[in-house]
Structures are given as structure tokens and as C-alpha cells.
Amino acid sequence: MPNFNVGVLGATGAVGQKFIRLLQDHPWFTIHSLGASSRSAGKPYVEAANWIESTEMPESVQQIVVKDCTPKAFAGVDFVFSGMDASVAGDIELDFAKAGIPVISNARNFRTDPTVPLLVPEVNPGHTELIHQQSFTDDGSGWIVTNPNCVAVPLTMSLKPLHDQYGIKSVILTSMQAVSGAGYPGVPSLDILGNVVPLISGEEPKIHAEPLKVFGTLKDGKLTHAEIPIQATATRVPTINGHLLSVTVGLHNKPSSAEEAIRAVKNWESPIAKYDLPTAPDFPIFYHDDERYPQPRLHADSERGMRTAVGRIRSSNVLDLTFVAMAHNTVRGAAGGAILNAELLVAKGFIK
Ligand SMILES: NC(=O)c1ccc[n+]([C@@H]2O[C@H](COP(=O)([O-])OP(=O)(O)OC[C@H]3O[C@@H](n4cnc5c(N)ncnc54)[C@H](OP(=O)(O)O)[C@@H]3O)[C@@H](O)[C@H]2O)c1
């Protein structure tokens, strides 16, 4: 069984806490070091973190002294997960990669770098090969892999079976995003209780751009982005976990019926099933026949929060098909997705 010592950068935040919860009892990864800002460094984790998870803080991390996020302080780790604030993640992640410590990040800073994979293991597992194009270190020991924005994850996963079968031509979507997506303390209660906020600043450009990289074609070490116009309206709604998307797509090849498209989703097979990764769900894209589903409160935690749920595929009066999709934003859309990325990178021999 593989066994690696891991560090978590940004360990005190909403995503960092999710890493700690999900890494507890992980069969391959053991938490070795925790890092956060200078506000937290030097304190035992139990004092530094305002624990917001619904399970007890694991005893194994309570007395770990939080460090500054420097490669020197993280000596002894095999790689790090990053859940740092984007305002600082760029420089710090670069320092780690240059010091030969691989970084598996949730932050946006390196997502657009042409040599950095924007990885959703079930959608573009072959993009791991981009790592060979990175030159953070002479010997290739330091590299960076990112996961997409928490809307781009369920969007690309739910589109994948339709893209494979019919080719996606255009996308219009509205996201209904849970408050946990804004970190802690996040959105003021007076803004969100009994309300919907029809703008999440900075979110829509990421939803427009990131799927094009995820669906890009890698040839001779160069990634060519897909050309799919996407129009997103990102809204914040008063749910706690689980971003729900209403998606309408135009297709290059038309299915004979919505039922045929539903069969394409149900029959789709994950390209990483063969690796039997510990965090991979049995049904990464799960189709709900019950038209009332998926619902964030009922289904965000299905299969430990790692599943993308799809429902209500029907013909569109405007484009070709319309449907809803949903995934847990801090698990599948952040920490859990990054852990699955790490597992794939172990299986492919990048982490050794
Ligand atoms: N929430 C989501 O659903 C979600 C989904 C996908 C991606 N992300 C991304 O994940 C990252 C973290 O999001 P979050 O929601 O967990 O935010 P958060 O709750 O505000 O946590 C931010 C973390 O960054 C640390 N930090 C701040 N300044 C630092 C510095 N100078 N050096 C080192 N660490 C520093 C904080 O440490 P202190 O406690 O010491 O301040 C804290 O651990 C962001 O880049 C976000 O865009 C979030």
C-alpha cells in the first residue's frame, strides 16, 4: 500500500478543514505538517482553527503546531495540498514547487498556466502528462496540479458523457451556489437569509474559461483549449453545501430523444475506474430518475460528497437538451477533488 507524508497549506480555512476531515484515516496519506498565515503559525491546531466541520476535530491533529507556509518549515513532506486564500497562494505555491515539493492546489492562481493541469480525474486524466512540461525545478521534482472552480467541476463532469457522445456546441447555465463556497465567515447573514444574491463577484469568468481547458486536447505536450461558448449566471442561495446548476446545451450531433441522452449518461464509464482509487466514488456521475432530484440537502453528501448528481434531462425549447447537476462544493469541488487528483498522480507514478 502506498504511504506518503502530506502537508496542508491553508489548513485552518473552510477547505483546509475539509482536507483534515477527509485525510483522517486515509489509507495512503498521513498528515505530517499544517500551515496557515502568521496569525495562526506557532499555535496548536486546536487553538488556531475555528473548527466548522460537523464532526469532531480529529485528535491526531489537535496538538500539531501550525507552521508558516514555507518549504523549509515543511521539510519531510512528500507533497502538499493547498487550500490557501488566492491573494497569497500564487507566490507560496511557486516557492514550494521551486523547492521540489509537489503542490496539489484548490486556489485559482495557476489554473490558467498552460503547463499546469486543471484536473478532474474522470474527465481529463490524460492531462497529468502536462506535468512533464513544467520547469519549476531542473530535475522535475517540483510541480503544480490544480482543480477547477467548484462550479466548473460538476459542470464538466455532467457534460462529459454528453460531450463524448454528441459533442458540446454551446452551454447556458445558472448556478445556485451554497454559502460554504464563500469560506468562513463568508456571506453576511442579512444578505443571504431568505434571499438570493444574483451575482458572485469574479465567478462567471472562471465558469466560462475553465471548462475549455478541462475539455482541451493535449498533443505533443501542448494543450489546445476546446471552443465552446459558455454563458453563466452565478447566484448565491441560502443552502449550506452543494452547488446546484441548471444547464442548457447545444450539441453538434443530436440525440434521437432525451431518453437516449439519459442512457448515454447512465452507460458512461469512468476512465479511472481501473485504478480503484480510495476516494473515487462508485458512480461519479449519478443519474436520478426521480424528477424531484438532485437536491443539495438530500444528496450533497452521497458517496462521501464525491459524486456529481444529474437529473431532469429533457429536450430544450431553445437549444438541444436541458438538465440539472449538483455536487458538494467543498468536497468534490475542492478538497475531495484534490485528494482524488493526488491518488491518480500516485497511481500514474508522478508521486513516488
Ligand atoms: N470554499 C469553497 O467551496 C472553495 C471551492 C474551491 C476552491 N476554493 C479555494 O480554496 C481556497 C481556500 O478557500 P476557503 O473557502 O477555505 O477560504 P478561507 O476559509 O478564507 O481560508 C483561507 C486559508 O488561507 C490561509 N491564509 C490566509 N493568508 C495566508 C498567508 N499569508 N499565508 C498562508 N496562509 C494564509 C488562512 O489562514 P488563517 O486562518 O491563518 O488566516 C486559511 O487557512 C481559496 O483559494 C478558494 O478560492 C474554495
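**From one loop to the whole chain**

Modeller: D220 lies in the loop that links β8 (217–219) to β9 (222–224). Keep in mind throughout that this is a predicted model. The backbone at D220 has a positive phi of about 50 degrees, although D220 is not a glycine. D220 has 4 C-beta neighbours inside 10 Å, and therefore counts as exposed, the limit for that label being 12 or fewer.

D276 is found in the loop between α8 (258–267) and β12. Its phi is near 50 degrees, again a positive value in a residue other than glycine. D276 has 9 other C-beta atoms within 10 Å, so it is exposed.

P294 belongs to the loop that runs between β12 and α9 (296–299).

D191 is placed in helix α6 (residues 189–192), and with 12 other C-beta atoms within 10 Å it is exposed. D191 and R236 are 45 residues apart in sequence, while their C-alpha atoms are 9.8 Å apart in space.

In β10, R236 is the bridge partner of Q177. Strand β7 (residues 168–177) pairs with β10 in the parallel sense over 7 bridges. These strands belong to an open sheet of 6 strands, ordered β10-β7-β11-β14-β13-β12, in which the pairing is mixed. Its edge strands, β10 (230–236) and β12 (285–288), each pair on one side only. From one strand to the next, the twist averages 25 degrees. Helix α5 (residues 152–166) packs on this sheet and touches β7, β11 (243–251), β12, β13 (308–315) and β14 (321–327). The direction of α5 makes about 25 degrees with that of β11.

There is also a sheet with parallel pairing. It is open, with 6 strands in the order β3-β2-β1-β4-β5-β6. At its edges stand β3 (67–68) and β6, each with a single partner strand, so one side of each has no neighbour in the sheet. Further in, 6 bridges join β1 to β2, and G7 stands opposite S33 in β2. Of the 8 residues of β2, 6 are buried, which leaves the strand mostly covered. Helix α1 (residues 14–23) lies across β1 (4–9), β2 (29–36) and β4, and runs at about 160 degrees to β1.

Not counting residues up to four places away in sequence, T146 touches S105, F110, R111, V116 and L118. The C-alpha atoms of T146 and A309 are 163 residues apart along the chain and separated by 22 Å.

Strand β4 (residues 79–82) pairs with strand β5 (residues 103–105) over 3 bridges, in the parallel sense. V80 stands opposite V103 in β5. Helix α10 packs on this sheet as well, touching β2, β4, β5 and β6, and its direction makes about 145 degrees with that of β5. Leaving aside neighbours within four places in sequence, V80 is in contact with V6, G7, V8, L9, F74, F96, I101 and V103.

V80 is also part of the largest nonpolar core, which has 93 residues; V8 and V80 touch the most other members. Helix α10 (residues 331–347) gives the most to this core, with 10 residues. Domain 1 (4–149 + 334–347) and domain 2 (152–328) both contribute residues, so the core lies between them.

That brings us to the whole chain, which is divided into these two domains. Their centres, taken over C-alpha atoms, are separated by 24 Å. Where they touch, 33 residues of domain 1 are in contact with 27 residues of domain 2. On the domain 1 side, α10 gives the most, with 7 residues. The residues of that side divide into 16 nonpolar, 12 polar and 5 charged.

How values were computed:
Residues numbered from 1 in each chain as written. Predicted model: local features only at pLDDT ≥ 70, side-chain atom pairs only at ≥ 80, totals over all residues. Core = buried A, V, L, I, M, F, W, Y, C linked by C-beta atoms within 7 Å. Buried ≥ 20, exposed ≤ 12 C-beta atoms within 10 Å, placed from the backbone. Helix = DSSP H or I, 4+ residues; strand = E, 2+ residues; numbered from the N terminus. Domains from an automatic or database assignment. Contact = placed C-beta atoms within 7 Å. Pairing = 2+ DSSP bridges. Axes fitted to C-alpha atoms, helices over the stretch in contact; angles between N-to-C directions. Nonpolar A, V, L, I, M, F, W, Y, C, P; charged D, E, K, R; others polar.
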